[in-house]
2 protein chains.
Amino acid sequence: MTETERRSAAVPRPGTAAKRCGSTGNSTSGAHEAHEATVLLERTRALVDPELRAAVDSLPGSMRRIALYHFGWQHADGTPAADNAGKAIRPALVLAAASALGGPPARSAAVRAAAAVELVHNFTLLHDDVMDRDTSRRHRPTAWTVFGDADAILAGDALQALALRLLAEDPHPSSVPAAARLADCVVELCAGQHIDTGMECRAPEEITLDEVLAMAEAKTGALLGCACALGGLYAGAQEQDVAALDGFGRQAGLAFQLIDDVIGIWGDPRRTGKPVGADLAARKKSLPVVAALASDTPAAAELTELYGQPHVSGDAEDIARTALAVERAGGRDWAQTEAADRMARAMQELSRAVPDPEAAGGLLALAEFVTRRTS
Amino acid sequence: MTETERRSAAVPRPGTAAKRCGSTGNSTSGAHEAHEATVLLERTRALVDPELRAAVDSLPGSMRRIALYHFGWQHADGTPAADNAGKAIRPALVLAAASALGGPPARSAAVRAAAAVELVHNFTLLHDDVMDRDTSRRHRPTAWTVFGDADAILAGDALQALALRLLAEDPHPSSVPAAARLADCVVELCAGQHIDTGMECRAPEEITLDEVLAMAEAKTGALLGCACALGGLYAGAQEQDVAALDGFGRQAGLAFQLIDDVIGIWGDPRRTGKPVGADLAARKKSLPVVAALASDTPAAAELTELYGQPHVSGDAEDIARTALAVERAGGRDWAQTEAADRMARAMQELSRAVPDPEAAGGLLALAEFVTRRTS
C-alpha cells in the first residue's frame with residue numbers, strides 16, 4: 001500500500017453489503033461512520049504512539065534519527081517536528097478487531113500488537129521507497145533521499161526486528177501465534193512487492209488481471225488482514241473467526257487499492273497532492289489500466305499504443321487521451337464494480353466473525369473510512 | 001562479518017588463554033581442534049540444512065529462487081548447484097553451546113534456533129552486499145548483481161521474517177526469549193553496518209579506534225555472541241551463564257575480525273581469493289589501519305597522506321608502501337596483540353559459563369577454527 005498515505009481515498013459505497021452485515025442499523029449515515037472512524041484513529045494514536053515511540057527510542061542513536069524522521073516526529077536535522085506519522089489505520093484495525101470480539105480488556109491487551117503491525121508497515125514503506133525510487137511520502141522527502149539508501153534499508157531492517165521483539169516480549173498468551181502470523185505476513189508483503197517490481201520490466205499487455213489482483217492482495221490486503229487477525233487472536237477468538245477477520249481486512253484492502261488506483265487516474269490533484277494523471281504519466285500498470293488492456297476493445301488497442309510510448313512531461317493531451325482510453329475500455333467501471341464487490345465480500349467475512357452489528361461497528365467504520373468517496 | 005565467508009582466517013594462537021580455560025587437557029594440538037571443528041561443522045550442516053531448506057522452500061516461488069541462489073543451492077537459472085552455503089559457524093555455535101550446557105538433548109532441541117541464526121546471518125549478507133556494492137560472495141556473483149537490488153533487499157527481508165517465524169513456531173519454552181534476543185541482535189547488526197557505511201564518507205584520521213572496535217563488535221561479535229547465548233537458553237542455562245556465553249562469542253568474533261583485517265592486508269591471495277592488499281587498495285578503514293593512523297608516528301603521517309589519494313589500479317608499489325606504513329606505525333602488531341587479548345577474554349567467559357573443560361571443547365574448537373592461523 002505504497003500509495004496509501006499520500007492520497008485520500010474514494011468509494012463506491014457498498015450499501016447493500018453494509019445492510020447484509022446488518023451494521024447500518026446503528027449507523028445511519030456515512031458522516032456518522034466517518035466520525036466514528038476519526039475517533040477510533042485518534043484513540044488508537046493515543047494508545048499506540050507511546051509504544052511506538054518507546055520502540056523507536058530504543059534504537060541506537062543514529063538509526064533512531066532516521067526512524068524519528070520517517071515517522072514524522074523529527075525533521076532531518078533532529079529538531080522536533082509536528083506529528084505526521086500517518087493515519088494509524090492498521091493499528092486501529094488491530095484494536096477494533098480485539099474490541100469487537102473481546103471488548104475493552106482485549107483492546108487494551110492488544111496495544112503492543114497494534115504497535116508491531118505499524119512498525120512492520122513502516123519497515124515496508126522505508127524499503128519500498130528505496131526500491132521504487134519514490135521521493136515523497138506524507139508530504140515530505142522520503143528517508144532515502146535524505147539519509148541515503150543504506151540508512152533507509154538499515155532503518156527498515158531494524159523496524160522489522162523491533163516489531164517482532166515487541167511481540168516476543170509481550171507476555172500475552174496470543175503474542176507467539178501473533179508473531180508467527182505477522183512474520184508470515186511480512187513474507188507475503190515481500191512477495192507482493194516482488195511481483196510489483198518485476199512488472200515494471202514487462203510490457204503492460206503481458207500482465208494479466210489475476211496477476212495484478214494477486215499483487216494488490218499481497219501488497220495491500222495482507223497487512224490489513226493480518227492486523228484484523230491479530231486483534232482477533234488477542235481477543236482469544238476461534239481460528240475460523242480469526243480467518244474471517246483476516247478475510248475482512250484483505251477484501252477491504254483490495255477495495256481500497258482499487259479505489260486508490262481510480263483516484264490515481266481521475267482524482268482531484270488538490271486532494272491527491274499529485275499532478276493530474278500521475279499514474280498514467282508514469283505508465284503505471286494499475287488495476288484499471290490492466291483491466292482496460294485486457295478488454296479486447298478498440299480503446300484497449302489505443303491504450304496499448306499510448307503505453308508503448310513514454311509520456312512527455314507536461315503533455316496534458318497525452319494524459320487526457322490515456323485516461324479516456326482506460327475509461328472507454330471499461331477500466332474505470334470495472335474497478336468501481338470490483339471495489340464494491342470486494343467491500344461486499346469484506347462485509348460477509350465481518351458478519352461471519354462478528355455477528356453482532358454493534359460490536360462490528362468499529363471495523364465497519366474503518367473499512368468505510370479507507371474506501372470513502374472523496375473525488 | 002561481511003568478509004568472513006570469503007577468506008580463511010589466521011590466528012595468534014592464545015595458548016595461555018586456552019590453558020586458563022583448561023580445555024587443552026583433552027585437546028593437545030591445534031590439528032586436533034581443527035578436526036573437531038570440522039566434524040562439528042559437518043554435523044551442524046546435516047542437522048540444520050533440512051530446517052533451512054524447509055524455511056526457504058516455504059517462500060513464494062520467485063523469492064525462493066533468489067534465496068536458493070544466495071545459499072548456493074541453485075544456479076541463477078534455477079538448476080541445482082553444488083552445495084556452497086557457507087561454513088555454518090553460527091549454527092554450529094548454537095548447537096555447541098546447547099550441547100555444552102545441556103548435552104545431546106539440548107543440542108537436538110536447538111536445531112530450529114540454529115537455523116534461525118543462520119537465516120539472520122544470510123539476511124544481513126544479502127543487504128550488506130547491496131549497500132557495500134560487493135560483487136562477489138562465496139566465489140559467486142552476489143545476489144543483487146544477478147537479480148537486482150530490489151530482489152536482493154526483498155529476499156533479505158523475507159529471510160529475517162523466516163528466522164523469527166521459525167522461533168515463533170518452535171514449541172520449546174526458550175523460543176520466546178530466544179526470539180527477543182535474536183531481534184535485539186538484528187538491531188545491533190544494523191547499527192554496526194550503519195557505523196560502517198557512515199565511516200565511508202569520513203576522512204580516515206577522523207575515525208577513532210573505539211569507534212571501529214564498536215563497529216566490529218556490533219557487526220561481527222554480536223551475532224556470534226547471540227548464537228552462543230541462544231544455545232545456552234535452549235539448554236535452560238541461568239541468565240549469567242547465557243551472558244557469559246554471549247561474551248565468549250562476542251570476544252571470539254572480535255578476535256576473528258582483527259585477524260581477518262590482518263589477512264586483508266598481508267594475507268596470501270591464493271588463500272584469500274582476493275588480490276594482494278585489496279583492503280588497502282579500497283582505502284578500507286580496517287582495524288589495523290585505524291590503529292596505525294592513531295599511533296602518532298611518522299609512519300602514521302605517511303599513511304594519512306597515502307589514504308588521502310585514491311589507489312590507482314595495479315599500482316603494486318602503492319600497496320607495498322601503504323602496507324609498510326601500517327606495519328611501521330604498529331597497526332599489525334596492535335591487531336595481533338589485540339586479537340590474542342580478545343581470545344583470552346573469550347576463554348575467560350567460556351570458563352565462567354562452562355567450567356567443565358570437556359564440555360567446553362566444542363565451543364573452544366569452533367573459536368580456534370574461526371581465528372586459526374592460515375597466512
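**Figure 1. The contact between chain B and chain A.** In this predicted model, 34 residues of chain B are in contact with 34 residues of chain A. Together the two chains bury about 2,800 Å², and 75% of this area lies on carbon and sulfur atoms. On the chain B side, the residues that lose the most area to chain A are Leu154(B), Val187(B) and His194(B), which together account for 20% of what that side buries.

**Figure 2. The symmetry that relates the two chains.** Chain B is superposed on chain A by a rotation of 180° with 0.0 Å of shift along the axis, and the RMSD is 0.0 Å. This is therefore the relation of a two-fold axis. The same surface serves both copies, since 100% of the contact residues of chain B recur in chain A.

**Figure 3. A salt bridge between the chains.** Side chains of opposite charge can pair when their charged atoms come close. Between chain B and chain A, the count is two salt bridges. Arg165(B) forms a salt bridge with Asp184(A), and the closest N and O atoms of this pair are 2.3 Å apart.

**Figure 4. A salt bridge within chain A.** Over all chains, the count comes to 42 salt bridges. In chain A, the side chains of Arg181(A) and Asp246(A) meet in a salt bridge with an N to O distance of 3.3 Å. This pair links distant parts of the chain: Arg181(A) belongs to helix H8 (residues 175-199) and Asp246(A) to helix H10 (residues 239-266), and the two residues are 65 residues apart.

**Figure 5. The packing of helices H3 and H7 in chain B.** Two packed helices are described by the angle between their axes and the distance between the axes. The axes of H3(B) (residues 61-70) and H7(B) (residues 149-168) come within 9 Å and cross at roughly 90°. The two helices are therefore roughly perpendicular to each other. H3(B) contributes Met63(B), Ile66(B) and Ala67(B) to the contact, while H7(B) contributes Asp151(B), Leu154(B), Ala155(B), Ala158(B) and Leu159(B). By class, seven of these residues are nonpolar, none is polar and one is charged.

**Figure 6. The packing of helices H2 and H17 in chain B.** H2(B) (residues 30-57) and H17(B) (residues 357-370) pack with their axes 8 Å apart, at an angle of about 100°. H2(B) is therefore roughly perpendicular to H17(B). From H2(B), the residues Glu33(B), Glu36(B), Ala37(B), Leu40(B) and Leu41(B) meet Gly361(B), Gly362(B), Leu364(B), Ala365(B), Leu366(B), Glu368(B) and Phe369(B) of H17(B). This contact has seven nonpolar, two polar and three charged residues.

How values were computed: Residues are numbered from 1 along each chain as its sequence is written. Chains are lettered from A and ligands numbered from 1 in the order in which they are written. This is a predicted model: local features need pLDDT of at least 70, side-chain atom pairs count only at pLDDT 80 or more; totals for chains, interfaces and linings use all residues. Side-chain values use heavy atoms; hydrogens and water are left out. Copies are superposed by least squares on the C-alpha atoms of residues with pLDDT of at least 70 in both. Contact means heavy atoms within 4.5 Å. Axes are lines fitted to C-alpha atoms, for helices over the stretch in contact, and angles run from 0 to 180 degrees between N-to-C directions. Helices (H or I, at least four residues) and strands (E, at least two) are DSSP runs, numbered from the N terminus. Angles under 35 degrees count as roughly parallel, over 145 as roughly antiparallel, 65 to 115 as roughly perpendicular and the rest as oblique. Ala, Val, Leu, Ile, Met, Phe, Trp, Tyr, Cys and Pro count as nonpolar, Asp, Glu, Lys and Arg as charged, and the others, Gly among them, as polar. Buried area is the accessible area (1.4 Å probe) that two parts lose on being put together, summed over both. A salt bridge is a side-chain nitrogen of Lys or Arg within 4 Å of a carboxyl oxygen of Asp or Glu.
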